[in-house]
Amino acid sequence: MDLNFTKEELSFRDEVRDFFAKNVPAETKKKLTEGRKLEKDDIVNWQRILNKKGWAVYQWPKQYGGTGWTPVQKYIFLEELQRAPAPDPLPFAVSMVGPVIYTFGNEEQKKHFLPRIANLDDWWCQGFSEPGAGSDLAGLSTKAVREGDHWIINGQKTWTTLAQYADWIFVLARTDSKAKKQEGISFILCDMKTPGITVRPIQLIDGGKEVNEVFFDNVKVPYENLVGQENRGWDYAKFLLGNERTGIARVGISKERIRRLKELASLEVSGGKPMMEDARFRAKISQVEIELKALEMTQMRVVAAEGTRRDNKPDPASSILKIKGSEIQQNITDLLMEVVGPFALPFTDEDEAAGSNELPIAPDYAGPLAPIYFNYRKVSIYGGSNEIQKNIIAKAILGL
Amino acid sequence: MDFEFSEEQQLLKDSIEGLLGDKYDFESRKKFLASSDGWSREIWKQYAELGLLGLPFSEEHGGIDGGPVETMIVMSAIGNALALEPYLPTVVLAGGLIRRFGTEAQKNKYLPQIAEGKITGAFAHTERQSRYDLFDVKTTAKPSGNGFTLDGQKGVVLNGEQADFIIVTARVSGGQRDKDGLGLFIVDAKANGVSRRGYRTVDGLTAAEIQLSGVKVDADQVIGKPGTAYPLIEQIVDDGIAALCGEAVGVLSALTEATTDYLRTRKQFGVNIGSFQVLQHRNVEMLIAAEQAKSMAMLATMMVNEPDAVQRRKTMSAAKTQIGRSAQFVGEQAIQLHGGIGMTMELKTGHWFKRATAIDIQFGDADYHLEQFGNMGGFETAAQR
């Protein structure tokens, strides 16, 4: 048993850290640190910088542009990326549709889409959830009917993150309504410019508009945009949802936020002394820090075991990472809001004020803290709610 | 980065689990508990035969040169079986002080005898007013003849009643709460002026209140330089914390598994109660708490020999906090999910729960260590901009 990284791993970490220090655009980094929203360009520019370095799709197999890194290297990379902080490569493209295409897609699809995903030439969004299909995703009702060499798609998707930027959407659609609900679903790629697609933004409780409804009204899609086999889409969706396992705990981001929290707790004063010296508040920070360290260790155990796993199935322990990771992220955003006290209350609409906060006495850094708190309620809901994760653990690990 | 056991470590794990699996079933344990010692001298001999009692000692002192990982393996098995023998006070604490800081003569005198199972030891540090502060010591050590005379009272000394020797913390100089001025003294349990009142702790282990009245200790029975023992005390308590964390891993995984088994077999309303989602989720939360504790126990194990005392202590406090929180949560949930039967002495569940509760309290509970961790600045430093 040994906790230490090898010499090679340490020098890899230094290389990655150094690259991030020199190459993350200053404005992007500032937005991430302050908790402000990224623009499309922030993400596209950064992913192209990564792609130039050969790291945008680091987790893919080498033949499709991946790096061939070990699980430990991938872990280090992601930790450093989150710590920098730098944006994640667009998950809907890089972690979701990309692996589905290289695993189940045909040669043309691989040749056309994979390099464009790596360079973020196409912005992808995820057409899974529907108003009537949330946790019960397989109950979806968007239909694709084959007409000659086309699909005709009708229905509605929702919670579609950043669909306003998207060039393409991958859609789960029902293609056989007589089969068992999991067995009549297909995975179809769809150009967002196709006539009949309408995007309507949804404003969330933080005031932002990062998610959308996407309507399909007789949308005509070439038949060859089907990925894999007809009616096997549920398998591909399960593969996709289980695929993103390292980094799901977002330990690096939480560490970065704790450093930020401590910075603000030394600036903010309560009872005539810094919040950091308030025993009650400091105990709250300590508690979350300890849980985060435990989670980091749990994650390292999962990563180390991944190196020796023979099957390619996701480790059910990644459900633990998701649950604990989301709880910790939420806890920290709560403390970040608490630390500024009454100055968490003034609300500035980012769209109108372009990120600036011109209130007379509130510090600039206070503006985004309450919105982040509200926004981060999402992390225990998306990607399979924490209750669904507990169902998975009860079944897969405990055998209940 | 590697969390696997080596082949030798796996063998060690198999051998202690094999021994305890054969000899430490619930009924046997009841008999050991009811005996006058409160534990089994017969099993103690078998520990010696397996080399467990000399585990961390060097070969020349009758040991097998095991490290913290080996200790964790043994402690985890002890927690799982709820073994009652004084392994922690004898091998980890009293033996550990001599192993780490003793003179060659002290090592030769005590370690081989411990390894052979001939003597047991104890570490007496807690006082009525000290709570968990290791430096808060009223017991005095006054120079006399070629050595010292000890006077004072120690409480909740694990294995204090049966120990053949007791290592005592006492003040050579300074005020009651000074970190300077402390010493460590090896006291023969039969020495004049030592009186002991033994009892059981809530988890069934044995402990004692110890009165020291004019107890003479020769100079060659002093560990380290008198007056400068505080860092030594910190180190040995860190060893104790790491060992307790290992033991907790055994206890908490046993509690979680026992609860899962119960949910699978207990029928109400015509079905296994494990089919109810509210109970499934509670059991999952137990698993998560137990896994988080295990992760921190591993970290504590790998940091216990860290020479940078601040880094080491910080990690131990973090681990002990996590262990304490997890122990309370897992223990309470296990009782709740077992229902009435969980309340009885007839099931091991309640006994594990009591040990888990005692583990939280020993060497500082979760709240105490949470505060210590914060006082030492935590893991992350504030961002500078």
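Arg177(B) and Asp133(B) are joined by a salt bridge between their side chains, with N and O 3.1 Å apart. This pair belongs to a predicted model. Over all chains, the structure holds 46 salt bridges and 34 aromatic pairs. The points below cover charged pairs, aromatic rings, a surface patch and some backbone details.

- Arg177(B) counts as partly exposed because its relative accessibility is 46%, which lies between the limits of 20% and 50%.
- Asp133(B) has a relative accessible area of 17% and is buried.

**Salt bridges in chain A**

- Glu27(A), Lys30(A), Glu34(A) and Arg36(A) form one network through salt bridges that share partners.
- Within chain A, the side chains of Glu34(A) and Arg36(A) meet in a salt bridge with an N to O distance of 3.1 Å.
- Glu34(A) is partly exposed at 23% relative accessibility, whereas Arg36(A) is buried at 17%.
- A salt bridge also links Lys378(A) to Glu210(A), and their closest N and O atoms are 2.9 Å apart.
- Lys378(A) is in the loop between helix H12 (369-375) and helix H13 (386-396) of chain A, and Glu210(A) is in the loop between strand S6 (197-202) and strand S7 (211-222), so this pair connects parts that are 168 residues apart in sequence.
- The relative accessibility of Lys378(A) is 24%, which makes Lys378(A) partly exposed.
- Glu210(A), at 13% relative accessibility, counts as buried.
- In general, side chains of opposite charge can pair when their charged atoms come close.

**Aromatic rings**

- One of the aromatic pairs is formed by Phe113(A) and Trp168(A): the ring centres are 5.0 Å apart and the planes stand at 80 degrees, so the pair is edge-to-face.
- The angle decides this label, because planes over 60 degrees apart count as edge-to-face.
- Phe113(A) belongs to helix H6 (residues 107-118) of chain A and Trp168(A) to strand S4 (residues 168-174) of chain A; the two residues are 55 apart, and the pair links distant parts of the chain.
- Phe113(A) is buried, with 5% relative accessibility, and Trp168(A) is buried as well, with 12%.
- An aromatic cluster in chain A is made up of Phe12(A), Phe19(A), Phe20(A), Trp46(A), Trp55(A), Tyr58(A), Trp69(A) and Phe77(A).

**Negative patch on chain B**

- On the surface, Glu59(B), Glu60(B), Asp65(B) and Glu104(B) gather in a patch of negative charge.
- Glu59(B), one of the residues in this patch, lies in the loop between helix H3 (41-50) and helix H4 (68-81) of chain B.
- The relative accessible area of Glu59(B) is 61%, so Glu59(B) is exposed.

**Backbone details**

- A cis peptide bond runs from Ala84(A) to Pro85(A), with omega near -10 degrees.
- Pro85(A) is located in the loop between helix H4 (71-83) and helix H5 (91-104) of chain A.
- Leu120(A) is not a glycine, yet has a positive phi of about 50 degrees.
- Leu120(A) lies in the loop between H6 and strand S1 (124-127) of chain A and is buried, with a relative accessible area of 3%.
- Asn159(B), a residue other than glycine, also has a positive phi, near 60 degrees.
- The place of Asn159(B) is the loop between strand S3 (147-158) and S4 of chain B, where Asn159(B) is buried with a relative accessible area of 1%.

**A contact along chain B**

- Tyr230(B) and Gly183(B) are separated by 47 residues in sequence, and their C-alpha atoms are 7.6 Å apart in space.
- Tyr230(B) is part of helix H7 (residues 230-265) of chain B.
- With a relative accessible area of 10%, Tyr230(B) is buried.

Definitions and conventions:
Residues are numbered from 1 along each chain as its sequence is written. Chains are lettered from A and ligands numbered from 1 in the order in which they are written. This is a predicted model: local features need pLDDT of at least 70, side-chain atom pairs count only at pLDDT 80 or more; totals for chains, interfaces and linings use all residues. Side-chain values use heavy atoms; hydrogens and water are left out. Patches are made of residues with over 30% relative accessible area and no salt bridge: like charges are joined within 9 Å, nonpolar side chains (Val, Leu, Ile, Met, Phe, Trp, Tyr) within 5 Å. Accessible areas come from the Shrake-Rupley method with a 1.4 Å probe; for residues, only the protein chains shown count as cover. A salt bridge is a side-chain nitrogen of Lys or Arg within 4 Å of a carboxyl oxygen of Asp or Glu. Lys and Arg count as positive and Asp and Glu as negative; His and the chain ends are not counted. The place of a charge is taken as NZ of Lys, CZ of Arg, CG of Asp or CD of Glu. Helices (H or I, at least four residues) and strands (E, at least two) are DSSP runs, numbered from the N terminus. Buried means under 20% relative accessible area, exposed over 50%, partly exposed in between (1.4 Å probe, protein chains only). Rings of Phe, Tyr and Trp (its six-membered ring) pair if their centres lie within 6.5 Å; planes under 30 degrees apart count as stacked, over 60 as edge-to-face and the rest as tilted.
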